[in-house]
Amino acid sequence: MEHYNVANPYFGVFVLFVLTFGAFYATTVIARLASRALAAKDTEKIKLTVYECGPEVTKQPNRISTQFYLFALLFLLFDVEIVFMFPWAIDFKLLGWFGFAEMMMFILLLAIGFVYAWKKGALEWHNIK
Amino acid sequence: MLEPIHVALGSLNIATLAPMLIAIVGALSILIIDLAKGGLHKSLYVMIALLFLLLDLGALVDFGGVFLKNGTILGFFDVMLMDGIAILSQIIIVVGSMLFIPLALTSKRFHEYDYPEYFALFMFMIAGFQFMVATDNLIMIFIGLETASLALYTLIALHNRSKSFEAAVKYFTMGALAAGFYAFGSMILYAISGSVEINQIATIMAEDHYRNIGYVLLSMAFMIAAFGFKLSMVPFHTWTPDVYEGSSAALAGYMSIVPKIAAFVVAMRLFEFLVHSGVAWLQVILYIGVVVTMTASNIWALVQSDVKRMLAYSSISHAGFVMAAILIGTTQSNTGLFLYWALFSFTNLGAFTMLWVNRQKNLIAGQSSDHPYEKFSGMVKTMPMAAVMMGLFMLSLAGIPPFGLFWGKMYLIGSAVSSGYTVLALIMALNSAIAGYYYLKLIVFMFMKEPIVGYDQYYFMNASLSLKTIIGIAAVGTIFAVFAVNPLLKVITLFVYNSGY
């Protein structure tokens, strides 16, 4: 039996890559199947109404406040920035003063963005200016 | 153990970033001022934007002097590339922006100018365009393009009418598609050459004699689609009239000038080496694209009933006309491109500003769009000066001597003839003649018809001193272009020739 060398440093990355895609695919498929099996199959009222000057307004049972979207956006923004800081922190000594100056610039720009979001009240619930 | 990296700060040549940094600092300072004290009047932000743009222009002129003395300036691991065409196009971008930003000081109140973010986004957009032209790194071009485009979509949507939202969403979806195409094209170029820098890609491809010609053509198909969207070449032009109609007239004028010069410069960098490489396909595709863009958009412009849509189609036609310079690809034609666009930016911004001063909030009964031809009917009797100005811009756009665009057209057609594209030159001249019809149609409406009651109250409704000043500057630029053409040509030729295009 052939022996394969799996000590390549990128092998782990490859496995992770495949797993990520696999996990993503599996999640979507499971979500689809589960929702198809579990969802209540009411015939929608709106489907059966007469179309007269636009459909009759029905109340959405599961309204989601737009605030969640804003929070998700801000979270995504500042969370993704952290991704850049991990490799920087690991190679901190390697990068020297150049890396330090670059990261300080980056953090400064981020800080301005953060203060902006804060002052504009984006971090307060139900208080968007 | 790896050695620590020592990057000497001097080798980075941080100065190459100066023009963009000035724009970015301007944007940030507008945001910070708003945070410190909100509710300030828009004129303050206009002045701050103008101040930083002036600094930006100063830095660029300084770079121009350094370029002429020492040649191309590289910086930041060769990502930044300050050559002649980068400096020239940045000057056009900054001057165009300086002419645009005072248009915010209207006499009527508009929703978008109440937000300081409008001006901050505007400055970020300029920085994006500057990054886009001052590099030959495909990734950096992409970042610049996206920075600028995303800011521009928001600026359109801030106009706060249902048509503006429609325009912004249309532009966004089309722009996203174009960005995707651009990414695909660069991916293929990287795959076959192993480099993201355009001049290295050119060298590598020339060395192996275009062995992967299939892939090159595939990537060029994507690239032509991407730049077709940005430059509104004809099969990809469908967004243009709708977007121009939905955005404010001032922003529409801006969109017809500044994003396009940035895209032209990138197209020049990218297509120039391929046009000369003897890859016949690309030349044929560009040839067809140029001819169809000029002719088809001219014919569509003939049947428009709205002046703004007519100007939108006319700007597509002008873009096609200028795209011919990239197809011809000689130093003379590339010089012609910059000359044409410098003159065009004055004239076209003037024309769109004339629409901006006639902006009305509500349509009157029987009016189908914002700026129908009828609105300008008999304008010479109610507003003689305004009618003369509008007529001047129309004559210049039509290419009537001695106004601005005549010289641009003449120089471009001349460069086509002198490099053997006689048929193309003939088509270009014929198209200028067709275009004359719809520009003169507006003049006929303004000078030979009777005023229509109801519209006259809107003439100059939105005008203020700063708007009139911009119209005056545009008019001066259009009329006295005849004196500026020769010195301008000398400078442009020097810059274009020394950067090897």
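I'm working from a predicted model, where local features need pLDDT of at least 70, side-chain atom pairs count only at pLDDT 80 or more, and totals for chains, interfaces and linings use all residues. Residues are numbered from 1 along each chain as its sequence is written, and chains are lettered from A and ligands numbered from 1 in the order written.

**Chain A with chain B.** I looked up the contact (C-beta atoms, placed from the backbone, within 7 Å) and found nine residues from chain A and eight from chain B. The chain A side has six nonpolar, one polar and two charged residues. For these classes, Ala, Val, Leu, Ile, Met, Phe, Trp, Tyr, Cys and Pro are nonpolar, Asp, Glu, Lys and Arg charged, and the others, Gly among them, polar.

**α18(B) and α19(B).** Next I checked helices (DSSP runs of H or I, at least four residues, numbered from the N terminus). The axes of α18 (residues 404–418) and α19 (residues 422–448) of chain B come within 7 Å and cross at roughly 160°. Axes are lines fitted to C-alpha atoms over the stretch in contact, with angles from 0 to 180 degrees between N-to-C directions. So α18(B) and α19(B) are roughly antiparallel (over 145 degrees). Among the residues in this contact, I noted K409(B) and I413(B) of α18(B) and L424(B) and M428(B) of α19(B).

**α10(B) and α14(B).** I then found that the axes of α10 (residues 239–246) and α14 (residues 307–328) of chain B come within 9 Å and cross at roughly 135°. The contact has five nonpolar, one polar and three charged residues.

Definitions and conventions:
Two residues are in contact if their C-beta atoms, placed from the backbone, lie within 7 Å. Helices (H or I, at least four residues) and strands (E, at least two) are DSSP runs, numbered from the N terminus. Angles under 35 degrees count as roughly parallel, over 145 as roughly antiparallel, 65 to 115 as roughly perpendicular and the rest as oblique.
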